Amino acid sequence: MASYMIKGGKRLKGEVEISGSKNAALGIIAASMLLDGPCTIENVPGIADVCIMIDICEYLGAEVTREEGGTVKIDPAKLRTCDATNDKARSIRASYYLMGALLGRLGKAILYMPGGCDFGTRPIDQHLKGFNALGAKHSIEFGKITLTADRLTGDHVYFDKVSVGSTVNLMIAAAKAEGVTVIENAAREPHIVDIANFLNTMGANIKGAGTDVIRITGVRTLPGNSTYAVIPDQIEAGTFMIAAAATTGDIRITNIIPKHMEPLTAKLEEMGAVIETGDEWIRVYMQRRKRLQATNFMTMPYPGFPTDLQPQSTVLLTQAEGTGRMNENVWDNRYQYIDDLKMMGAEVLITGRVATVEGPCKLTGARVTARDLRAGAAMVIAGLAAAGTTEVADVRAIERGYENFECKLRALGADISRTED
Ligand code: EPZ
């Protein structure tokens, strides 16, 4: 098992370049299976989940070549099976995007029920609602889901819940359906816009992505033969912004879209951090002798505060003066990391969806575990802010979604090293 060893108490200073968005890249790579020709995808992050998604696409018959600097060339012409039930597909939740792509391309898709992080129930009823509306049938047995459709016909779908995955999956499946599909109560995350822009670059006709109504006019073919660059990762950028505030450092985060960071920028300013914004960068620092002030957070679908920055922000609250509250409205059980945080000395009370944090608290190093991708990143931030040495175990969970994480932190002055049992 791989661990990070962190000697805390150092202020992070300097500049960090953000990689391509994990959640956009995963959706785009899956969506490329829908194409009738090859495509080139740039700015793909070198992370474990992307490697797994590429492996799954190759398993299905697509030809994939990876070049230096995050460029991936995909030719799905030789797609030979709709059956993606292999162990790799079970290990990442984003494999569910292949449901829409394989259904749209081959009229059939067989996958394991989705895996991924465990924040309580992770249903797919809205995904199925969308596919059924287009005329697909589904059956679930032996832990596998089979979707079939003689043909897909556009329809009007009103999602009961705002769901990123369902919105993306239906957008993909509808891209080559006959007629028009309208998605109401659609999710509006930046990576949904990115996946829609990718599909449009390849020949699709999708309008309204980024709003809660998306209109997809089905096309007969998606010729592809184009190049598309993935947007920067909003959550990686937010993680470094929070690390700057938590260590009273001074970091300039580059290669980002500041607009995507506004839900976090607003909260950091509320807490007393200083934020300077350029066209493609944000600088976060604390004024001398100024302490962070506690505030309240509510995670919501975009443009609300992102749930994927919840663990990191809860750690930040331990460094702020006063009582702060984190209200997790998206996932049922995304506080598994709190016990580890308490081992480091944090004062946190969980009542239902709300974590109440008393601060400021002098965290001290301990042996903790990366329970999932974002909780792991949060434990790293806690270790950076703590006195003494923190071991964060099982960091593969972090490396699923953060490219060169400990190298980027070391370049900012963090005393962090990676060990492997
Ligand atoms: C995506 O998960 C992200 N994963 C998650 O990021 C992120 O936390 C989540 O969106 C919310 O922003 C990827 O993009 C690969 P949802 P997804 O469908 O699509 C309920 C990370 O750290 N729901 O928007 O699975 C669900 O239970 C990961 O990068 C249904 O009820 O999330 C949840 O309460 C972790 N029925 C809410 O909707 C459904 O059919 C949001 O889920 C689908 C979802």
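In what order do the strands of the open four-stranded sheet lie? The order is β17-β18-β20-β19, and the pairing is mixed. Keep in mind that this is a predicted model.

Let's stay with that sheet. Its edge strands are β17, residues 296-298, and β19, residues 347-351. Each of these two pairs on one side only. On average, neighbouring strands here are turned by 15° against each other, ignoring direction.

Now the middle. Strand β18 covers residues 322-327, and strand β20 covers 354-359. They run antiparallel, joined by six bridges.

Next, strand β14, residues 250-254. Why do we call β14 largely enclosed by the rest of the structure? Because four of its five residues are buried, with under 20% relative accessible area. β14 also has two pairings to show you. With strand β2, residues 13-17, it pairs in the parallel sense over five bridges. There, Val16 stands opposite Ile253 in β14. With strand β16, residues 281-285, β14 pairs in the antiparallel sense, again over five bridges. In that pairing, Ile251 stands opposite Val284 in β16.

On to a helix: α2, residues 48-60. It has 13 residues. From first C-alpha to last, α2 reaches 19 Å, close to the 18 Å expected at 1.5 Å a residue. Which of its residues are buried? They are Asp49, Val50, Ile52, Met53, Ile54, Ile56, Cys57 and Leu60. Look at the spacing with this rule in mind. An α-helix has 3.6 residues a turn, so residues three or four places apart point the same way.

What do those buried residues pack against? The partners are helices α1 (22-31), α3 (87-91) and α4 (97-106), plus strands β4 (63-67) and β5 (71-75).

Last stop: the largest pocket. Its volume is about 1,100 Å³. It is lined by 50 residues. Closest to its centre are Arg122, Val164, Gly165, Val330 and Trp331. Which elements give two or more residues to the lining? Those are α1, α5 (125-133), α6 (164-174), α7 (190-201), α8 (234-246) and α12 (373-385). Notice that α1 is also one of the elements that the buried residues of α2 pack against.

Methods: Residues numbered from 1 in each chain as written. Predicted model: local features only at pLDDT ≥ 70, side-chain atom pairs only at ≥ 80, totals over all residues. Heavy atoms only, no water. Pairing = 2+ DSSP bridges. Axes fitted to C-alpha atoms, helices over the stretch in contact; angles between N-to-C directions. Expected span 1.5 Å × (residues − 1). Buried < 20%, exposed > 50% of the residue type's maximum accessible area, 1.4 Å probe, protein only. Contact = heavy atoms within 4.5 Å. 1 Å grid on protein atoms, 1.4 Å probe; cavity = no way out; pocket = protein on both sides within 12 Å on 5 of 7 lines; lining within 4 Å. Points joined across faces, edges and corners; volume = space filled by probe spheres on them.
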